[in-house]
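Here is a short tour of charged side-chain contacts and strand pairing. Have the model open as you read.

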Amino acid sequence: MDRSIYRQQQLNKIHALIKEIPVAMLTTADEDGSLRSRPMAVQPVEFDGNLWFFTGADTPKIDESQRHPQVNVSFADPERQYYVSVSGTATLVRDRPKMEELWSPWLRTWFPRGLDDPDLALLQVSVDTAEYWDAPSSAMVRLFGVVKATLTGQPSESGDHAKLVVDERQASP
């Protein structure tokens with residue numbers, strides 16, 4: 001399989017899983033190496049290997065991501081039983097045209113001065129790998145799987161799980 005087709009399939013799978021999850025948990029490493037997570041609103045754009053978040057440039061998450069650019073972003077949709085964890089590299093972006101492209105009025109809740117806020121920036125996470133768990137969405141199907149596993153001693157067939165490689169340097173069909 002052609003590398004570009006393989007990569008596009010990976011991007012499509014991730015996009016299908018995360019497109020309806022508006023908030024993710026961004027995890028960075030603090031100065032002492034301890035991990036810190038916080039909720040972040042994901043900008044609703046077609047997933048091309050990058051995740052975008054509006055942020056203040058003068059925040060601990062930016063300091064942490066500049067010292068240790070490897071970050072994790074996790075998504076959870078318990079209702080649909082979708083769980084996604086992505087690892088990537090964070091970069092502070094101060095590109096006004098990109099901010100204008102991604103801006104929406106509801107962001108004024110967190111950034112009342114809007115695009116004119118001198119502290120406003122974007123945090124771009126270039127995704128290297130993603131791992132997902134896609135369990136059956138019906139509560140009855142999940143319950144049946146747990147009961148069956150308990151009675152038979154066999155593991156439950158709890159859905160789909162895979163590790164996806166997005167970074168073209170690591171991808172191999």
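## Salt bridges and strands

At 53% relative accessibility, Glu 101 falls in the exposed class (exposed is over 50% relative accessible area, buried under 20%, partly exposed in between, with a 1.4 Å probe and protein chains only). Before going further: this is a predicted model, where local features need pLDDT of at least 70 and side-chain atom pairs count only at pLDDT 80 or more, while totals for chains, interfaces and linings use all residues. Residues are numbered from 1 along each chain as its sequence is written, and side-chain values use heavy atoms, leaving out hydrogens and water.

So what does Glu 101 pair with? Its side chain meets that of Lys 98 in a salt bridge (a side-chain nitrogen of Lys or Arg within 4 Å of a carboxyl oxygen of Asp or Glu).

How many salt bridges turn up in the whole structure? The search finds seven. Here are some of them:

| Pair | Closest N and O atoms |
|---|---|
| Arg 113 and Asp 117 | 3.4 Å |
| Asp 116 and Arg 96 | 3.8 Å |

Take the pair of Asp 116 and Arg 96. This one links distant parts of the chain, 20 residues apart: Asp 116 is in the loop between α3 (96-102) and β6 (120-134), and Arg 96 is in helix α3. Asp 116 is exposed, at 63% relative accessible area, whereas Arg 96 is partly exposed at 35%.

Now look at Arg 113 and Asp 117, which also form a salt bridge. Arg 113 is exposed at 53%, but Asp 117 counts as buried at 13%.

Elsewhere, Arg 36, Arg 38 and Glu 64 join up in a salt-bridge network.

On to the strands, which count as paired if DSSP finds at least two bridges between them. β4 (residues 70-77) and β5 (residues 82-93) pair antiparallel over eight bridges, and Phe 75 stands opposite Val 84 in β5. Their hairpin has four residues between the strands, and there Gln 81 adopts a positive phi near 65°.

What joins β5 to β6? Twelve bridges do, with the two strands running antiparallel. Across that pairing, Leu 92 faces Leu 123 in β6.
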